[in-house]
Amino acid sequence: MKKIIAVDGPAGAGKSTVSKICAARLGYTYIDTGAMYRAVALNNLELGIGNEELTEDFIKNIEIKLDEAARVFLNGREVTKEIRTPEVSRGASDVAKLGFVRKKLTELQREMARQGKVIMDGRDIGTQVLPNADLKIFLTATVEERARRRFEELKAKNFPADFAQIKKEIALRDKQDSEREIAPLAQAEDAILLDSTDLTIEQVAEKILELAK
Ligand code: CDP
């Protein structure tokens, strides 16, 4: 059985949903690295500061924690719901460009994966954070399908949602995440490509579980 599984891919490909399912079935811990970038972005928004005002020291003093149930804590306060707004999505993609932010979060992520039996999802897990992962998946889907999923997700949570706007924001975030200089979104050479456009969540999870065996 593969002990460390890395799942990367663009926004809305279904990484977190299938990773959660696989983690539950394997008895592994699910680690959502995007949630950590989101927590930094939320902190910025709440304090009304931008990337220009962030320093390495400031970032070092922010405490970000994920618990077993994938709840997210920022300086001891639970922010699991607050980090899911489109505003925070944009902010996360912005702070994710900064080398010192990535350095701190990458260290935390490696520490969290140390005990093994983890599924970690993000953008740079197979390429930078855990290059020695036992199994690497690169999960994608068309931008149209990913926007549709995000639209449904926001509606289900009663957040206001506009399909055209979501599609535009996802395309912009794809571009920004793929083109940044440090740790861009990329498929690792030894990652297995899974296109989830025409697959159900259950089908994608089954495929990953088969590969994990
Ligand atoms: O859930 P969704 O796919 O929309 O995004 P996420 O996984 O929560 O990540 C939010 C943002 O954090 C992404 O757009 C990336 O810019 C950044 N991120 C990153 O740079 N590296 C990671 N390992 C995870 C997320």
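Mentor: A polar contact is a pair of N or O atoms within 3.5 Å; within protein, one atom must be able to donate a hydrogen and the other to accept it, and residues adjacent in sequence count only if both atoms are side-chain atoms. This is a predicted model, in which local features need pLDDT of at least 70 and side-chain atom pairs pLDDT 80 or more, while totals for chains, interfaces and linings use all residues. Residues are numbered from 1 along each chain as its sequence is written, and side-chain values use heavy atoms, with hydrogens and water left out.

Trainee: What makes the pair R149 and E145 a polar contact?

Mentor: Their side chains are joined at 3.0 Å, and the limit is 3.5 Å, so the pair qualifies. The R149 side chain also reaches the backbone oxygen of A13 at 3.0 Å.

Trainee: Why is R149 called buried?

Mentor: Buried means under 20% relative accessible area, exposed over 50%, and partly exposed in between (1.4 Å probe, protein chains only). R149 has 18%, so it counts as buried. R149 lies in helix α7, residues 143-156; helices (H or I, at least four residues) and strands (E, at least two) are DSSP runs numbered from the N terminus.

Trainee: Which residues is R149 in contact with, leaving aside neighbours within four places in sequence?

Mentor: Contact means heavy atoms within 4.5 Å. By that test R149 touches G12, A13, G14, A141, S196, T197 and L199.

Trainee: Why is N51 classed as partly exposed?

Mentor: Its relative accessible area is 22%, so N51 falls in the middle class. N51 sits in the loop between α2 and α3, and its side chain reaches the backbone oxygen of D94 at 3.0 Å.

Trainee: What makes a set of residues a nonpolar core?

Mentor: The set must consist of buried Ala, Val, Leu, Ile, Met, Phe, Trp, Tyr and Cys residues joined through side-chain atoms within 4.5 Å. The largest one here has 33 residues, and among those touching the most other members are I64, V101 and M120. Its largest share, seven residues, comes from α2. A second, separate core of 19 residues includes V18, C22, A205 and A212.

Trainee: How do you know which residues surround the ligand?

Mentor: A residue is near a molecule if one of its heavy atoms lies within 4 Å of it. 20 residues surround the ligand, and the closest are R38, D124, R150, R173 and D177. α2 gives the most to this shell, with four residues.

Trainee: What is the make-up of the shell by class?

Mentor: There are five nonpolar, five polar and 10 charged residues. Asp, Glu, Lys and Arg count as charged; Ala, Val, Leu, Ile, Met, Phe, Trp, Tyr, Cys and Pro as nonpolar; and the others, Gly among them, as polar.

Trainee: Which distance separates a polar side-chain atom of R38 from an oxygen atom of the ligand?

Mentor: For R38 the distance is 2.6 Å. A side-chain N or O atom of D177 is also 2.6 Å from a ligand oxygen, and one of R123 is 3.0 Å from a ligand oxygen. The protein covers 96% of the 530 Å² of accessible area that the ligand has on its own.

How values were computed. Areas by Shrake-Rupley, 256 points an atom, 1.4 Å probe, with all protein chains shown as cover.
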